Amino acid sequence: MQTKALRIGTRGSLLALAQAHETRARLMTAHGLPEEAFEIVAISTSGDRIQDRPLSLAGGKGLFTKELEEAMYAGEIDIAVHSSKDMPTQLPEGLELSAFLPREDPRDAFIGRSAPTIMGLPEGAVVGSSSLRRQALIRRMRPDLEVVMFRGNVQTRLRKLDEGVAEGTILANAGLRRLGLAEIITDLMALDVFPPAPGQGAICIESRIGDKAVADMLAAIDHRPTGQALACERAFLAALDGSCRTPIAGYAEIDGDRLSFSGLILTPDGTLSYDAKSEGAAADAAAIGRKAGEEVRARAGEKFFEGWG
């Protein structure tokens, strides 16, 4: 019998809170527990506070997870809910990814003001994005466009569009759907043209290794196919030493006990790229991703990675 509330740590943005609420709702349903059996604890992270420069210049992906992980070490929260694409490939000692929720649509969404699609934008139009992957893919599609840095949460970026800072921006379809904002999307980017970031669309839950009570609770909501897909994508990223400084895309699909994977690395200007496609048993997800990453790295050569960020 649970005697105290399970403390769910999260960032304080509207999207992060929506993800924490979804996690709580799934736990309530799985265990037949009331809402008061769970406490959502919002924690400000460095990534939320730093708005004046690209994350690649401020420390990378760990900026969205560090404070939550410190709170777990201190016993202030029991689990942390994250966007999987924000997770570094190496976790701090004593912590693990214990569960993944069913993945949302991983595609990127375009929100256009002067045109509904990227290809429809006028020559020289300004498009805002904070992601090096999205910037590189935009430049590959439309070298004539001006791509500017767009930091901030979803609401901040949409406000910048309304203020005319840019004529369009790209955000994760999954995030917009979780916020109930699907109606503002003017175009969905095809996976083969605009592949997503590894982990995009998937919520993951981090916890302390050895906390059996928490592990047992999370096991009831863990979606195994999503976990397998993410194991592949994260292994691909790790083989490339992927971080916020590297434009890398990767997406794995699970069909029964089979897995298919597509990965891509680009130069920041989008002019040079190398891709990888592989498939195999879903049980070998991590090995498939790692091999694809190693093969792409060997084909590209170390000089390909010099000067990134």
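# Questions on a predicted structure

Student: Is Phe-304 buried or exposed?
Tutor: This is a predicted model, and the relative accessibility of Phe-304 in it is 6%. Buried means under 20% relative accessible area. Because 6% falls below that cut-off, Phe-304 counts as buried.

Student: How many aromatic pairs does a search of the whole structure find?
Tutor: The search finds two. One of them joins Tyr-274 and Phe-304, with 5.4 Å centre to centre. Their planes stand at 80 degrees, which makes the pair edge-to-face. The number of aromatic pairs found in the whole structure is two.

Student: How many residues apart in sequence are the parts that the pair of Tyr-274 and Phe-304 ties together?
Tutor: Tyr-274 lies in strand 13, while Phe-304 lies in the segment after helix 9. The pair therefore ties together parts whose separation in sequence is 30 residues.

Student: Which elements each supply at least two residues of the largest nonpolar core?
Tutor: The largest nonpolar core has 24 residues, and among those with the most contacts inside it are Cys-232, Phe-236 and Leu-259.

Student: How many residues are in the second, separate core?
Tutor: This core includes Phe-110, Ala-115, Met-189 and Leu-266. In soluble globular proteins, nonpolar side chains tend to be buried together. The second core has 17 residues.

Student: With which residues is Leu-240 in contact, leaving aside its neighbours within four places in sequence?
Tutor: Leu-240 is one of the residues with the most contacts inside the largest nonpolar core. With those neighbours left aside, its contacts are Ile-248, Ile-265, Gly-293, Val-296, Arg-297 and Phe-305.

Student: Which strand gives the most to the lining of the second largest pocket?
Tutor: About 230 Å³ of space lies in this pocket, and 14 residues line it. Strand 11, strand 12 and strand 13 (273-281) give two or more residues each to the lining. The top contribution is five residues, and it comes from strand 12.

Student: How many of the lining residues of the second largest pocket are charged?
Tutor: Among the residues nearest the pocket's centre are Asp-192 and Lys-277. The lining divides into six nonpolar and three polar residues, with the charged ones numbering five.

Student: What is the relative accessible area of Leu-101?
Tutor: Leu-101 sits in the loop between strand 4 (95-100) and strand 5 (108-112). Not counting residues up to four places away in sequence, Leu-101 touches residues including Glu-22, Ile-203 and His-223. Leu-101 is buried, and its relative accessible area is 0%.

Student: How far apart are the C-alpha atoms of Thr-271 and Ala-136?
Tutor: Thr-271 is in the loop between strand 12 and strand 13, and it counts as exposed at 64% relative accessibility. Thr-271 and Ala-136 are 135 residues apart along the chain. Their C-alpha atoms are separated by 8.2 Å.

Methods. Residues numbered from 1 in each chain as written. Predicted model: local features only at pLDDT ≥ 70, side-chain atom pairs only at ≥ 80, totals over all residues. Heavy atoms only, no water. Core = buried A, V, L, I, M, F, W, Y, C linked by side-chain atoms within 4.5 Å. Buried < 20%, exposed > 50% of the residue type's maximum accessible area, 1.4 Å probe, protein only. Contact = heavy atoms within 4.5 Å. 1 Å grid on protein atoms, 1.4 Å probe; cavity = no way out; pocket = protein on both sides within 12 Å on 5 of 7 lines; lining within 4 Å. Points joined across faces, edges and corners; volume = space filled by probe spheres on them. Helix = DSSP H or I, 4+ residues; strand = E, 2+ residues; numbered from the N terminus. Nonpolar A, V, L, I, M, F, W, Y, C, P; charged D, E, K, R; others polar. Phe/Tyr/Trp six-rings, centres within 6.5 Å; stacked < 30°, edge-to-face > 60°.
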